[in-house]
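Welcome, and please bring up the model in your viewer. We will go from stop to stop, selecting a few residues each time and looking at what is there.

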Amino acid sequence: RKHRIDLTDVALVTIDGETAKDFDDAVYCERKGKGFRLIVAIADVSHYVKDGDPLDRDARERGTSVYFPRRVIPMLPEALSNELCSLKPDVDRLCMVCDMEVTGDGAIRKHEFYPAVMHSRARLTYTQVWSWLDQPSGVTRAAKPLLPQLADLHALFRALKRAREARGAIDFDSVEMQLEFDVQGKIVRIVPVVRNDAHKLIEECMLAANVSAADLLAKAGHPALYRVHEGPTPEKLEQLKTFLAASALSLSGGDSPTAMDYAKLLDRVRERPDFGLLQTVLLRSLQQARYRPDNVGHFGLAYEAYAHFTSPIRRYPDLLVHRAIRAVLAGGQY
């Protein structure tokens with residue numbers, strides 16, 4: 001607990017899927033004037049897994065946790081990933097915090113990073129949270145104290161969403177599929193995962209923390225792994241334009257289209273019967289997102305700098321970002 005901010009009196013909660021066992025992130029939101037204070041607390045894995053030790057060498061070799069339909073091969077031993085590092089409810093946990101001030105327009109006015117101790121008030125699911133936000137009268141007595149901050153989180157999400165649209169970030173409307181099994185492990189059915197506003201609000205909170213982490217590291221000039229995403233290559237852009245022309249469509253932006261140009265075209269074709277095909281072709285015209293030490297920005301999200309900070313339990317690049325942030329806060333170098 002030494003040299004850590006005590007956040008145990010802050011009503012942080014985790015919001016995840018029903019089957020989640022490793023809880024990387026917890027959130028708290030409150031109104032602050034016309035804007036919001038958003039706290040994103042992330043499991044402090046770098047406190048336990050030190051550079052070059054046996055746990056670290058094994059995690060580096062794995063790179064990430066690997067999620068199969070019925071089991072997970074974790075990057076870290078389950079004693080860490082599901083227990084000591086996991087932000088479980090009703091126990092104190094070490095965390096690294098991104099504490100942000102967000103305007104009513106969804107702009108991050110300022111951010112601060114610090115190590116802390118937290119005490120999660122509840123382990124919530126997306127389904128629960130969305131049902132409470134959609135039907136506040138159905139909230140259980142135990143969950144009632146959490147409703148004001150969940151309502152603030154939802155209002156913050158709407159502000160961040162507006163900022164995302166104004167920025168011109170591309171919003172690909174893909175449907176994730178989920179496999180359901182019987183007791184013998186045979187596939188019974190394949191069903192679409194319905195994404196509600198609870199999924200989206202956590203996603204926006206994580207984006208805010210990730211872009212703040214990248215901003216901190218870029219301004220400090222500290223080496224880091226950025227999550228970079230580049231626009232289309234000239235060849236892919238030419239192929240895309242040829243395909244679109246056959247459907248009497250065009251992409252604005254000439255030889256250097258921006259994410260905004262893609263977003264505008266997606267909005268224009270959203271009601272067409274061939275939307276799924278057009279969206280896939282647009283997506284495939286872009287390069288894959290990658291981890292790189294040189295920051296060239298994130299085309300799809302329309303960010304000048306973006307890094308992965310929010311999942312150090314299951315992604316090694318996030319653990320590296322945590323170590324870099326810890327070094328910056330200490331005035332040193334990792």
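**Charges over rings**

Start by selecting R70 and F181: R70 lies over the face of F181, 5.6 Å from the ring centre. A charge is taken to sit over a ring if NZ of Lys or CZ of Arg is within 6 Å of the ring centre and within 35 degrees of the ring normal. Now select R227 and Y291, where R227 lies over the face of Y291 at 4.4 Å from the ring centre.

Before going on, note that this is a predicted model, in which local features need pLDDT of at least 70 and side-chain atom pairs count only at pLDDT 80 or more, while totals for chains, interfaces and linings use all residues. Residues are numbered from 1 along each chain as its sequence is written, and side-chain values use heavy atoms, with hydrogens and water left out.

**Ring against ring**

How many aromatic pairs does a search of the whole structure find? There are three. Rings of Phe, Tyr and Trp (its six-membered ring) pair if their centres lie within 6.5 Å; planes under 30 degrees apart count as stacked, over 60 as edge-to-face and the rest as tilted.

Select Y262 and F299, an edge-to-face pair with 5.7 Å centre to centre and 90 degrees between the planes. This pair links distant parts of the chain, 37 residues apart: Y262 is in helix α8 (residues 259-269) and F299 in the loop between β13 (290-292) and α10 (316-329). Helices (H or I, at least four residues) and strands (E, at least two) are DSSP runs, numbered from the N terminus. Both Y262 and F299 are buried, a word used for under 20% relative accessible area, with exposed for over 50% and partly exposed in between (1.4 Å probe, protein chains only).

Next, select Y303 and Y306. Their ring centres are 5.6 Å apart and their planes are at 10 degrees, so this pair is stacked. Y303 and Y306 are buried as well.

**Salt bridges**

A search of the whole structure finds 27 salt bridges, each a side-chain nitrogen of Lys or Arg within 4 Å of a carboxyl oxygen of Asp or Glu. Select D152 and R31, whose closest N and O atoms are 3.6 Å apart. D152 is in helix α5 (residues 147-167) and R31 in strand β3 (residues 25-32), 121 residues apart.

Move on to R323 and D56, a salt bridge with its closest N and O atoms 2.8 Å apart. It joins R323 in helix α10 to D56 in helix α2 (residues 54-62), 267 residues apart. R323 counts as buried at 7% relative accessibility, and D56 counts as buried at 0%.

Then select E101 and K110, where the closest N and O atoms of the salt bridge are 3.7 Å apart.

**One face of a helix**

Select helix α9 (residues 275-285) and colour its buried residues, F275, L278, Q279, V281, L282 and S285. Seen down the axis of α9, they fall within an arc of 160 degrees, so they line one face of the helix; the arc is that of the directions from the helix axis to the C-beta atoms. These buried residues pack against α7 (234-246) and α8, with contact meaning heavy atoms within 4.5 Å.

**Last stop**

Finally, select K2, in the segment before β1 (5-6). K2 counts as exposed, at 69% relative accessibility.
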